[in-house]
Amino acid sequence: MRLTIWGCRGSLPTPGPRTVEYGGNTSCIEVALESGGLLVLDAGTGIRELGLHLVERGVRQVHLLLTHLHLDHLEGLRFFAPLWDERVTLDIWGPPSPLLSLRERISRSFSPPLFPVDLGEVDAHVRFHDVPRAVWTIGGASLTARLVVHPGPTVGYRIETEGGSVAYLPDHEPALAGAIAEKSRDWISGAAIAADADLLLHDSQFFEDEYEARIGWGHSSVADAVAFTRAVGARRLVLFHHEPSHSDSSLERLEKRAQELAGELAPTLAREGMAIELP
Amino acid sequence: MPETRYKHLVLILARELASSLSTPTMIVDERGCLVYYNEAAEAVVGRRFAETGEMPMDDWTASFAPRSIDGAEPLPAEARPARIAFDERRPAHERFVIRSADGVDRELAVTAFPLFAHSDEFVGIMAIFWRE
């Protein structure tokens, strides 16, 4: 299993000279499976560049796994080249809602005044799926989705293959449900996704002092990201969903802070273009 | 080693709410297992949750010998609010008498209601106790 990060910025795209090193595109990860299958995690602005590569490679089948429908995880979809290719089948998976279907909710971003073209007019064959409650399989990978602490219906994903296990929790505030270190694993939001994972990509948007003023916004401090990783026994932490106001140098300070807290866990920052191979 | 049963997000948040309440509150999961009651409930039943641990809801309730409000008749499981909320997926309310672990008879009113997550997934019930 090979992951390529096409976007790891949180909340808002932040292009410019201050973010060159770690990138300004919002959440999007390509997951190439051993079977040849392709998963895409989230449709932030990073998916635009990924889409161009997929067209070049002649990819005809894509499974897009959306954690939730906040704009920074969806806004790239309209500019995802395979969506405009009639030879492509795009399966979109996302969290269920009590009121509207996944298609209806995504359709809002394909309608005036936000966008001139209706979702029904795209060229690709698009299918929508609420994530199942049970484990399901795509391309030989076992997938698990669970609701996690973040405003609105939001899931985290776990992907398991023979090569290893990956947990993806880009928008997650487990500390909102109580101090992480004081809880047993079964009572921690997201633990069902990340328990003993080989690789965890986790929200670490804020320094601790920034978090104090943003409790309840749905994101984690770097300290909580480390505490969560320890509590669930994940083996590697990649810091994800970078705060838009953080420059490259700020992020490097955040990484140092994470390493101080985590010791031998040695967390690292996600960056655009980063590739991670499992095992 | 037994497999970890991860709690649904709704139960995790419900527990956090209950732990902040002075209203006696208990939480039951989708299997009918009591998974938490708060300090205020501990004071009512006379037993700490840490001592009880997770256990079937009916076993826990029965241990307090619930009886009709006049104390004359045992209250069968199917007439208890928590069981009704669990079985019928609807709110239920009842007054009855329990004998707490400290041997004291206490009159209670219990209101129980089902918890549904997104897409109407039943994940358990919450019950609150009122001393009347």
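Two strands pair if DSSP finds at least two bridges between them. Helices (H or I, at least four residues) and strands (E, at least two) are DSSP runs, numbered from the N terminus. The structure is a predicted model, in which local features need pLDDT of at least 70, side-chain atom pairs count only at pLDDT 80 or more, and totals for chains, interfaces and linings use all residues. Residues are numbered from 1 along each chain as its sequence is written, and chains are lettered from A and ligands numbered from 1 in the order in which they are written.

**The sheet of chain B**

In chain B, six strands form an open sheet with antiparallel pairing, in the order 3-2-1-6-5-4. Strand 3 (55-56) and strand 4 (92-99) of chain B are at the edges with a single partner strand each, so one side of each has no neighbour in the sheet. Two of the pairings are set out below.

| Strands of chain B | Direction | Bridges | Residues opposite each other |
|---|---|---|---|
| strand 5 (residues 105-117) and strand 6 (residues 121-131) | antiparallel | 10 bridges | Leu108(B) and Arg131(B) |
| strand 4 and strand 5 | antiparallel | eight bridges | Arg99(B) and Asp105(B) |

Strand 4 and strand 5 of chain B form a hairpin, with five residues between them. In its turn, Gly103(B) has a positive phi of about 85 degrees.

**Helices against the sheet**

Contact here means that the C-beta atoms of two residues, placed from the backbone, lie within 7 Å. Axes are lines fitted to C-alpha atoms, for helices over the stretch in contact, and angles run from 0 to 180 degrees between N-to-C directions. Helix 1 of chain B lies across strand 1 (25-29), strand 2 (33-37), strand 5 and strand 6 of chain B, and runs at about 170 degrees to strand 1 of chain B. Helix 5 (residues 81-88) of chain B lies across strand 1, strand 4, strand 5 and strand 6 of chain B, at about 15 degrees to strand 5 of chain B.

A residue is buried if 20 or more other C-beta atoms lie within 10 Å of its own, exposed if 12 or fewer, and partly exposed in between. Six of the eight residues of helix 5 of chain B are buried, so this helix is largely enclosed by the rest of the structure. Among the buried residues are Arg83(B), Ile84(B) and Phe86(B). Their cover includes helix 4 (57-62) of chain B as well as strand 1, strand 4, strand 5 and strand 6 of chain B. After helix 5 of chain B comes Arg89(B), with a positive phi near 55 degrees.

**Chain A**

Chain A has six helices and 14 strands. Its C-alpha trace spans about 50 × 40 × 35 Å along the principal axes. The radius of gyration is taken over C-alpha atoms, and the globule rule is 2.2 Å times the number of residues to the power 0.38. A compact globule of 279 residues would have a radius of gyration near 19 Å, and the 18 Å of chain A agrees with this. Of the 279 residues of chain A, 51% count as buried.

A nonpolar core is a set of buried Ala, Val, Leu, Ile, Met, Phe, Trp, Tyr and Cys residues joined through C-beta atoms within 7 Å. The largest such core has 111 residues, and Val40(A) and Ala194(A) have the most contacts inside it. Helix 5 (residues 222-232) of chain A supplies the largest share of this core, eight residues. Beyond its neighbours within four places in sequence, Ala194(A) is in contact with Ala167(A), Leu169(A), Leu200(A), Val232(A) and Ala234(A).

**Contact between the chains**

The contact takes 18 residues from chain A and 14 residues from chain B. On the side of chain B that touches chain A, helix 1 (residues 9-19) of chain B gives the most, with five residues.
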